[in-house]
Amino acid sequence: MKINPNYLEINAANQLNDPKSVFNYYRQLIKIRHDIPTLTYGNYVDLDTKNDSIYAYTRNLGSEKYLIIVNFKEKTMRYTLPNNLSINTTIIENNAKNSTKKNDTLLVLEPWQSGIYKLN
């Protein structure tokens, strides 16, 4: 097998040293999952079962409630949170041009963007 010509830019060493790499994003996700038990053990509620562009669900445990959302499209999508939900804190986002703010009820999701948010 030939080595890909872009191996100098795309390689494990660069992923380890780049805080914005896919490797380090997944490392953050694993840490968040361990730090926030609600994301593992909380009750799961799918918010929009018929939407084939956006996957949005909540996890709640006790008084804590989190939103997990993914835009599966290669275009910007707007998504209004149902059931009077609103963002309290952004836990993590990827591909976001504009970070989601406190009390937002409308999310503008960039292509392939995902995020985890604590809800009010």
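How many helices and strands are there in the protein chain? There are three helices and seven strands, where helices (H or I, at least four residues) and strands (E, at least two) are DSSP runs numbered from the N terminus. Read along the sequence, the pattern is α-α-α-β-β-β-β-β-β-β.

The model is predicted, so local features need pLDDT of at least 70 and side-chain atom pairs count only at pLDDT 80 or more, while totals for chains, interfaces and linings use all residues. Residues are numbered from 1 along each chain as its sequence is written, and side-chain values use heavy atoms, with hydrogens and water left out.

Let me begin with the chain as a whole. Its C-alpha trace spans about 55 × 30 × 25 Å along the principal axes. Of the 120 residues in the protein chain, 32% are buried. Here buried means under 20% relative accessible area, exposed means over 50%, and partly exposed lies in between, with a 1.4 Å probe and protein chains only.

I turn now to the pockets. A pocket is defined on a 1 Å grid over the protein atoms alone, as an open set of points where a 1.4 Å probe fits, with protein on both sides within 12 Å along at least five of seven lines; lining residues have an atom within 4 Å of a point. Grid points are joined across faces, edges and corners, and a volume is the space filled by probe spheres set on the points.

The largest pocket holds about 360 Å³ of space. Its lining consists of 19 residues, and Leu29, Ile68, Val70, Ser114 and Ile116 lie nearest the centre. The elements giving two or more residues to this lining are α2 (22-35), β2 (54-61), β3 (64-71), β5 (87-94) and β7 (114-119). By class, the lining has 13 nonpolar, four polar and two charged residues. In this scheme Ala, Val, Leu, Ile, Met, Phe, Trp, Tyr, Cys and Pro count as nonpolar, Asp, Glu, Lys and Arg as charged, and the others, Gly among them, as polar.

The second largest pocket has a volume of about 190 Å³. Among its lining residues are Pro19, Lys20, Tyr25 and Ile92. Two elements, α2 and β5, each give two or more residues to this lining, and the largest share, three residues, comes from β5. The classes here are three nonpolar, four polar and two charged residues.

Next, the charged pairs. Side chains of opposite charge can pair when their charged atoms come close. A salt bridge is counted when a side-chain nitrogen of Lys or Arg lies within 4 Å of a carboxyl oxygen of Asp or Glu, and by this rule there are two. One joins the side chains of Asp35 and Lys31, at 2.5 Å from N to O. These residues are four apart in helix α2, which means that about one helical turn separates them. Asp35 is partly exposed, at 48% relative accessibility.

The other salt bridge joins Glu64 and Lys118, at 3.9 Å from N to O. This pair links distant parts of the chain, with Glu64 in strand β3 and Lys118 in strand β7, 54 residues apart. Both partners are partly exposed: Glu64 has a relative accessibility of 27%, and Lys118 has 26%.

On the surface, Tyr44, Tyr55, Phe72 and Trp112 form a nonpolar patch with about 420 Å² of accessible area together. A patch is made of residues with over 30% relative accessible area and no salt bridge; like charges are joined within 9 Å, and nonpolar side chains (Val, Leu, Ile, Met, Phe, Trp, Tyr) within 5 Å. Accessible areas come from the Shrake-Rupley method with a 1.4 Å probe, and for residues only the protein chains shown count as cover. Tyr44 is found in strand β1 (residues 43-46) and is partly exposed at 39%.

Most residues other than glycine have a negative phi. Trp112, however, has a positive phi near 65 degrees. Asn83 likewise has a positive phi, of about 55 degrees, although it is not a glycine. Asn83 sits in the loop between β4 (77-80) and β5 and is exposed, at 64%.

Ile87, in strand β5, is buried at 0% relative accessibility.
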